Amino acid sequence: MLETRSLACLRGDRLLFRGLDFSLAPGEMVRVLGPNGMGKTSLLRMLCGLVAPEAGEVLWGGTPVQREREDFHRALLYLGHAAALNDLLSPLENLRFAVRAAGDAVETAACNAALERIGLAAQRDLPSRVLSQGQRRRVGLARLFLSAARPLWVLDEPFNALDIDAVAGLAATLDAHCAQGGMVLLTTHQDVAFSTPLRHLDLRSVAC
Amino acid sequence: MLKPFLAVLARDLLLAWRGRADVLVTLGFFVIVVCLFPFGVGAEPNQLRAIAPGVLWVAALLATLLSLHRLFGQDFTDGTLEQLLLSPEPTVLWVLAKILAYWLTTSLPLVVAAPGLGLLFDMEQGGLRVLSLSLALGTPILSLLGAVGAALTLGLRGGGMLLALLVLPLFVPILIFGAGSVEAHLSGSGASAHLLLLSGGALAALVLAPWACAAALRVAAE
Amino acid sequence: MTMQPSRGFHFFHFAAPQTFYPLAGRLAPVFAVLAAVLAAIGLWLSFFVAPTDATQGEVYRVIFIHVPAAWMSMFVYLVMAFWSAMGIIFNTRLSALMARALAPTGAMFCFVALWTGALWGRPTWGAYWVWDARLTSQLLLLFLYFGYIALTEAIEDPRRGDRAGAILALVGAVNVPVIYFSVKWWNTLHQGASVSLTKAPSMATTMLGGMLIMALAAWAYTIAVALWRVRSLILERERHTDWVGAELDRQGARP
C-alpha cells in the first residue's frame, strides 16, 4: 500500500501543491488530474523517490520509502515521459537491459514474447532510432508484461502516441494487473475506458 | 548484486562498439594535440625529450575532459538514468560499471597509444615504460573524478566549459605525479614513489568518487 | 508556510530561514563594527608601530594583509565544506545558503592574497609570479572557488544548485590537502633554491600582534558580509512566503 502524508512539491521556487494526503491500496487504479504545470509528473517522480519532497513523506507498506529504498524499488515499475531507449540498441536489447538493470532475471524468450504482444515482433532487431514515436513508447510499455511481479505501476502518460487498438490493449493490461491485486497510478490526457473503477486525484484541490 | 553491474558494463561496451567513431575521435584528438607541440616549441630533440612526459599527460587529460560528456549525457537525455536510479541495487555499483566501461573505451586506447607517440619525442625505452604505467594508474583517477564533474554538470547550458573549470584543478595532482614519474625515472631518482602515490590516489578515488558521483546523479535527475 | 519539520533541537530552531533572518540582521552590524575597529587598530599597528624589516625594508608590510587573507581564504573553504556537509546530513536549507554566502568572500580573500603576494614578490623575488608551492596552491584554490560559484549559478533550480554545490564543495575539500601536498612535492623537485616564505625572519611581537589583529578583522568582516548576504539569499528564496511579504512591507520595499 502506497500512502502520502501532507506531501508538498516545490518546482524551481514555486510551490506547486501542499498538504497532499492520499493512499493507493491493492487492486486500485488512480488517475492524477490537473492542468499542465500543476505538478502531475513531479508528483509521480516524487512518489517514485526520484524527487525529494519539499515536505511530508511517502510511505510504502507503512515505512518511509527512503528507509526501505531497495524493497520499494523492487516493488515499483515507473515508466516516465522518456522511453529510456538508446538509439544504437535494438528494442530487444533495450528491453533486456531495462529488465536486467532493474535487478530482475531476464530470459530472451520472455522479452521476445513481450515485444510480440505489444506488436513489435517485426522491429525486434532494428536499431531503435528507426522506430516511430508510438513504437518507441511501446518498447517501454513492453516492460509491463515482464513486471507482473511488481505490484506498483506508476505510469506517466502511457497512452501518448498510441493508436486506438494499442490503447485498448494497454487498458486491458492495466485492468488485469489491478484484478490480480496490483496498483496503478497514472496520468493521461485521454479518457480511456477501464473495467476497474477509476479513482481520481485532482491536484487542483491541493494546489497553492 | 552484480547483475546490474554486469548489465551496465556489457551495455556500455556494446554502445561504445556501435558508436566506435566517437572513441576513435578521442584517440585522434589525443594524437593531434601531442603532434602540435613540436610545431609550437620547435623540434630540437633535447627539448622534445624534456617536454614529452608533460605533453603526453596534458593531452591525455584534455582528451579525457572532452569525452566526459559521453559518460552520462545520453542516458540523462533518454531517461535511462532515471530507470537506473530506480534500480533496487546500490547506485554506486552501476556508477562504477559505467566509469569502468568509460575507462576501457576512452582511456585505455590512450594508454596504449602513448608509447608510440613518445617515440615521436625521442623518449627512451625505460621512460616509455614508466609513462605507460603512470598513465595506466593515473587515467582511472581522471575517469573517476571526471565522472563526478560530469554528473554535477549534467543538463546544464555551457556544461562543457563548466566541467573543465570544475575538474581541471582537481586533475593537477595527477598531472604532477604522472608526468613527474617519468621525469623522476629519467633523472635517475626512480619513479616508484610517484607510482605508489598514483596507486594510492587511484584506490582512494575508487572508494570515494562513486559515492559522490551517485549523489550528484540523484541531484541531476531531480 | 515554512515547511521545516518542527524539532525539539535548539540548533534547528535557528536553522529555519524565518527565525535566522532577524538574528542575522541583528548580528551583522555588530560584526561589521568589530571588523572596522579591529582593522583600524591592526592597520595602525602594521603601518606605524611595527618596525621596518631589516632585510626587506618597508615592502614586507604587505604581509599584514597578505597573510590574513591567505589564512581566511583557506579557512572559508573549510567552513563552506562544513556547511555543505551539514546541509547534506540534516537537509537544512539554511546550511546551503551559508555555504553560498561565504563563497564570494572566500574567493575575494583568495584573490587579495594572490594580488598582494605578487606585489610583494616583485621587489623581493624580482618577478610578480613565481611557481612557488604556496602561490600555486592558492591559485588552484581560487579556481575551486570559481568552480563552486559557477556551478551554483549555472543551475537554475535553486535547490538543485544548493545540493550540487554541496557535493562539489566536499569533493574540493577532500582534494585541497592533496593539491597542496602535490604542489609542494612538485615545487621541491623543480626549483630547489628560491626565497621561501617559510624562512621569514623571526618576527617582532608587534608584527605578530598586528597580523593577528588583522586576521581577527578578516574574520569579523567575513562573518558580517556572509550574514548580510545570507539575508538577501533568504529573502530571494522565500519571496513567495507570507513572512517575507510582511517583511518587505515593513521595510517599505514593496510598492
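Between chain A and chain C there is one residue pair in polar contact, with both residues at pLDDT 80 or more; a polar contact here is a pair of N or O atoms within 3.5 Å, where within protein one must be able to donate a hydrogen and the other to accept it, and residues adjacent in sequence count only if both atoms are side-chain atoms. This is a predicted model, where local features need pLDDT of at least 70, side-chain atom pairs count only at pLDDT 80 or more, and totals for chains, interfaces and linings use all residues. Residues are numbered from 1 along each chain as its sequence is written, chains are lettered from A in the order in which they are written, and side-chain values use heavy atoms, leaving out hydrogens and water.

**Where A meets C**
- Nine residues of chain A touch eight of chain C, with contact meaning heavy atoms within 4.5 Å.
- About 770 Å² gets buried between the two chains, and carbon and sulfur atoms give 53% of that (accessible area, 1.4 Å probe, lost on being put together and summed over both parts).
- You'll find two salt bridges between chains A and C (a side-chain nitrogen of Lys or Arg within 4 Å of a carboxyl oxygen of Asp or Glu).
- A:E54 and C:R159 form a salt bridge through their side chains, at 2.6 Å, N to O.

**The sheet in chain A**
- Five strands make an open sheet in the order β6-β7-β8-β3-β9, with parallel pairing; strands are DSSP runs (E, at least two residues), numbered from the N terminus, and two pair if DSSP finds at least two bridges between them.
- β6 (76-79) and β9 (198-202) of chain A sit at the edges, each pairing on one side only.

Methods. Helix = DSSP H or I, 4+ residues; strand = E, 2+ residues; numbered from the N terminus.
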